[in-house]
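Let's look at how protein chains can meet each other. Take a moment with the picture first, then read on.

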Amino acid sequence: MATVTLTTDFGEGSSYVAALKGAVLTVDPSTQLLDLSHCLPPQNLVATALFLADAIPYFPRGTIHVVVIDPGVGTDRALLCVEWNGQLILAPDNGCWMSILRPTDLSPHVTRLAEPRFWRPIVSATFHGRDILAPVAGHLSIGVTPAELGPPVTEWVSLSLAEPVATPGGFRGCVIAVDAFGNLITNIRAEAVPPLASVQIGNQPVPRIVRTYGDAEPGTLVGLIGSSGRLEVAVVCGSAATMLGFGVGTPVEVTRNV
Amino acid sequence: MATVTLTTDFGEGSSYVAALKGAVLTVDPSTQLLDLSHCLPPQNLVATALFLADAIPYFPRGTIHVVVIDPGVGTDRALLCVEWNGQLILAPDNGCWMSILRPTDLSPHVTRLAEPRFWRPIVSATFHGRDILAPVAGHLSIGVTPAELGPPVTEWVSLSLAEPVATPGGFRGCVIAVDAFGNLITNIRAEAVPPLASVQIGNQPVPRIVRTYGDAEPGTLVGLIGSSGRLEVAVVCGSAATMLGFGVGTPVEVTRNV
Amino acid sequence: MATVTLTTDFGEGSSYVAALKGAVLTVDPSTQLLDLSHCLPPQNLVATALFLADAIPYFPRGTIHVVVIDPGVGTDRALLCVEWNGQLILAPDNGCWMSILRPTDLSPHVTRLAEPRFWRPIVSATFHGRDILAPVAGHLSIGVTPAELGPPVTEWVSLSLAEPVATPGGFRGCVIAVDAFGNLITNIRAEAVPPLASVQIGNQPVPRIVRTYGDAEPGTLVGLIGSSGRLEVAVVCGSAATMLGFGVGTPVEVTRNV
């Protein structure tokens, strides 16, 4: 029994999510289906890339991931099967999956889906997730190999993620996500934040860098390395997003103290 | 191992969803449970009917669906088990399931749930989903047959779905749903939209009919046959709902060009 | 195959939910994972306690529940494994699980998680759900016993739930939750509401006590014993929360009629 995960921007109430699940089970009724999220911001490839980078590395070898954030559906953009660390990712060729690659990774094996015998008999122009990716996931679940799905490809669309830039005294980045707690998560990775750094978000200095939320009094504005290994700005027992009025895109500056 | 799907209007944060899952697993711990949606508009039978019509046909034979949109809970309305194309649907007798029937279908086998030995020992007056439908789903999962659940019935409540009406030049329908992308989905089926039709939504002509979103420039207002086989009005890479200010109920008119 | 349920305050769109699922499956890929809710109000222990009291009792023996509402993450608060009626609950030591105990229950067996060999190799300071609770759930799923996880403990943090108080004529409580239908759910249990009681919410008398929603005309304000065995105030086919403008915290008074 294989596990197939689903990641989409369809929204929680959507019948598209249900159709996707049915289309996998129609090929392999014994698949374990798992929702990762159906609430990604519509057609937002950068948000998808960040989500996948924080999610996929935690799954075991053999997991099959179906990713349907697909603004190009129905055009001639390709659909891909990517092998990465023993996991398989099925996604449109829009670069959203490349965020999972680490500098030390070898170039991944990528296949272009080109064998209609693994698809639904009728393929719509607007929902390739249901009509191609989901049945292909079902076939992988019952033992079809990526090599059977179509020809290998060595070029694919890449996606530009906002990366922090070096400054004379440190790094300048920005907020890339706000979580359910109102924590402002930045694109600055732990390695770029020395223990005694100064952090400023928008025009607001962050007075304390802590190890975890509980290390300061409720209401304190703090910086810390969060669960994804990135610098985040938080208010202990409160919402930094609400208190500061900041969100995705707010600039963040880290300066080494000398 | 059978798959049991759950469709409710309880909302994502509700402990009722959790109780429903526990009540199925208490009868058959090996059931694969699957969320279809818990975000249907509260007590909205028409929205439920449209959701089920777009979801259930994609599932394989043997799937068991539990549907708990139940404004009549605790009154004498019946609870039904419907056999349709090898799938089973457990739902209150309120007509919400009839939307899955196609003109070519034979009359379905329908059973009224009347055997308390398949229910929870204590049945509340307010939550028959947890106390009757969920344990019955668990029993079906372990091999109980529909015929054991109660007597067959040949009459049931029907539900009037807003259907488009013919006009001298084509069809007049309306928007029946807005998806997460802001696409305005209508009740007009593909068959009623000839290739060269003119479409008007509210007082707004839709300048282009396309095959898929990617066929026009970002920002263009387009009509197309969407993933459910219905006419929808969309803005490429944008939200038609936001741009036009239209929503469920807005009239839509299709006119054949001569 | 064991079932592991997940209850968090991460929100539906969060990659933290995905990481939690991956961390369980990495230890036991055959676990059946089940979402209870990821929409609990952030860091709200009282709401969590009420949710668990309405959810966990419906599950069968052998179920493993992971609860990650954890405002104290990274401090020295303990993580616990609680055995209750044949089920196992993994949660921070913040009292959120104690609401499931009934007056007749024996004192539960509680273990403090203290064996890092059952954890992820690297434990962050901000996400013990992913790094400790999830892999421990995976190990329980493959047959590790609670006794192997760490030493037994006999003291734990308790949580004060708002309980109704007795008055000369009955009980005074308050609204503790609003469900998706706008029903105002109180902390007053069925036993405290005799058949002919008078109910007042805020300054508003509730004119009728009914057995179920369908027992009164649409639009009627009613009191009834809801699905969780608690008094709730509802508007038939409507939203009491919207109609009255009341929410969590609104006082509710039950008076015996003599």
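## Where chain A meets chain C

How many residues does the contact take from chain A and from chain C? The answer is 30 residues from chain A and 31 residues from chain C. Keep in mind that this is a predicted model. Together, chain A and chain C bury about 2,400 Å² between them, and 58% of that area lies on carbon and sulfur atoms. On the chain A side, Y58(A), F181(A) and S227(A) supply 27% of the buried area, more than any other three residues.

## What holds the chain A side

Between chain A and chain C there are twelve residue pairs in polar contact, but zero salt bridges. Three elements of chain A give two or more residues to the side that touches chain C: strand 2 (32-37), helix 2 (45-55) and strand 14 (221-225). Strand 2 of chain A gives the most, with five residues. Sorted by class, this side of chain A has 16 nonpolar, eight polar and six charged residues.

## Where chain B meets chain A

Now turn to the other interface. Here 30 residues of chain B touch 31 residues of chain A. Chain B and chain A bury about 2,500 Å² between them, with 59% of it on carbon and sulfur atoms. Within chain B, the residues that lose the most area to chain A are Y58(B), F181(B) and S227(B), together 27% of what that side buries.

Which kinds of residue make up the side of chain B that touches chain A? By class, there are 16 nonpolar, eight polar and six charged residues.

Key. Residues numbered from 1 in each chain as written. Chains lettered and ligands numbered in written order. Predicted model: local features only at pLDDT ≥ 70, side-chain atom pairs only at ≥ 80, totals over all residues. Heavy atoms only, no water. Contact = heavy atoms within 4.5 Å. Buried area = accessible area lost by both parts, 1.4 Å probe. Salt bridge = Lys/Arg side-chain N within 4 Å of Asp/Glu carboxyl O. Polar contact = N/O pair within 3.5 Å; in protein donor to acceptor, adjacent residues only side chain to side chain. Helix = DSSP H or I, 4+ residues; strand = E, 2+ residues; numbered from the N terminus. Nonpolar A, V, L, I, M, F, W, Y, C, P; charged D, E, K, R; others polar.
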